[in-house]
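Q: Can we go through this structure together, one term at a time?
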Amino acid sequence: MKKKTFLLVMPNYSDFPKLFLENLEKEGFEPYLITDNVSRFKYKGSESIKNFFIKNILRNKEYKQNLIKKHFLDELNKNLSAITEELDYVLVIRPDNFPISFIKNLKNKTRKLIAYQWDGIDKFPEIRNYFNLFDIFFCFEKAESQPNIQPITNFYFDHLPSSEKKYNAEKPKLYFVGLYWKSREEKINRFIDEVSGLSIELSIFIQYFQEPETKNDKIQYIQNRISFQENLDLVKSSDILLDFVDPLHNGLSIRFFEGMYYKKKVITDNVMVKKYDFYHPDNIFVVENNNYKNIEQFLKKPYFTLSDDIVKKYGFSNWIKKIIT
């Protein structure tokens, strides 16, 4: 039986594309990949001289930017043309990273064009211009008054082995990695202050692009992104994952699904998690109403083992079936 062809289009973010392709292969697809990582732009012919004149004499800086945009589009279309087979499915993750004209070209190559916005709509409002370009558009948060948009949760990659590490109630290791935001910094600092007297090990990494004005000595500040595989190794060696919600998000981060698969507890300030069938108070502590004093009791409780049916429900294998149906 001929394999279904599946093109994944997504930003070249860490080692995520590799993990997607591996899991797609495990599910029996013949996968292809196009990312936003294209060849470096170079001037052609007299473009450099023309740009110098337009930029310095006419004070117009858009000429070069338009050349770069054209190069990006041309490279994307060239990579698409290299795929000669008709595609059964095309999935575009973070479509707003790609030109609209390229998305329209994708439509001509497939029976079903699917989008997944794994970041918030309000955080990247440009994505609203892409909603109607797809046969179906999935998002991890709800979008009002958009008939072709379907909510879907994040997931874990189930082609990877799970963890056998037992929960350490004596001195649990708490792990977090994320980008620096001012609002997040305040929440993390408050959390560290509240739990500093408890028997725990903190492993908190904050990636920054511009060095923070003040630093917390309990936080490891990094400039280079931790790869997804490195992150999973840190997840596996931890006991509790920390989750500090982005105020522009209206859904659940991937940490909840990693926690479920690798049998890790989660401490979060995202109250939405209480609505989900995998929520159990022994596994997920929701910081709300200044209830920090209850964390110590939560730390001492063993991990509550969820049913296989619930865990499998949120794996990539089930997730991919949903979006192509």
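Q: At what angle do helix H3 and helix H4 pack, and how far apart are their axes?
A: First, a heads-up: this is a predicted model, where local features need pLDDT of at least 70, side-chain atom pairs count only at pLDDT 80 or more, and totals for chains, interfaces and linings use all residues. Residues are numbered from 1 along each chain as its sequence is written, and side-chain values use heavy atoms, leaving out hydrogens and water. Now, H3 (residues 62-81) and H4 (residues 100-107) pack at about 15 degrees, with axes 10 Å apart.

Q: Why are H3 and H4 called roughly parallel?
A: Angles under 35 degrees count as roughly parallel. The angle here is about 15 degrees, so H3 and H4 are roughly parallel to each other.

Q: Which residues make the contact between H3 and H4?
A: Contact means heavy atoms within 4.5 Å. On H3 it's Leu73, Leu76, Asn77 and Leu80, and on H4 it's Ser101, Phe102, Asn105 and Leu106. By class, that gives five nonpolar, three polar and no charged residues.

Q: What makes a residue of helix H6 buried, and which ones are?
A: Buried means under 20% relative accessible area (1.4 Å probe, protein chains only). In H6 (residues 228-236), Phe228, Asn231, Leu232, Leu234 and Val235 are buried.

Q: How do you know that these residues are on the same side of H6?
A: Take the directions from the helix axis to the C-beta atoms. They cover an arc of only 160 degrees, so these residues sit on the same side of H6. Their packing partners include helix H1 (16-26) and strand E7 (173-179).

Technical notes
Axes fitted to C-alpha atoms, helices over the stretch in contact; angles between N-to-C directions. Helix = DSSP H or I, 4+ residues; strand = E, 2+ residues; numbered from the N terminus. Parallel < 35°, antiparallel > 145°, perpendicular 65-115°, else oblique. Nonpolar A, V, L, I, M, F, W, Y, C, P; charged D, E, K, R; others polar. Buried < 20%, exposed > 50% of the residue type's maximum accessible area, 1.4 Å probe, protein only.
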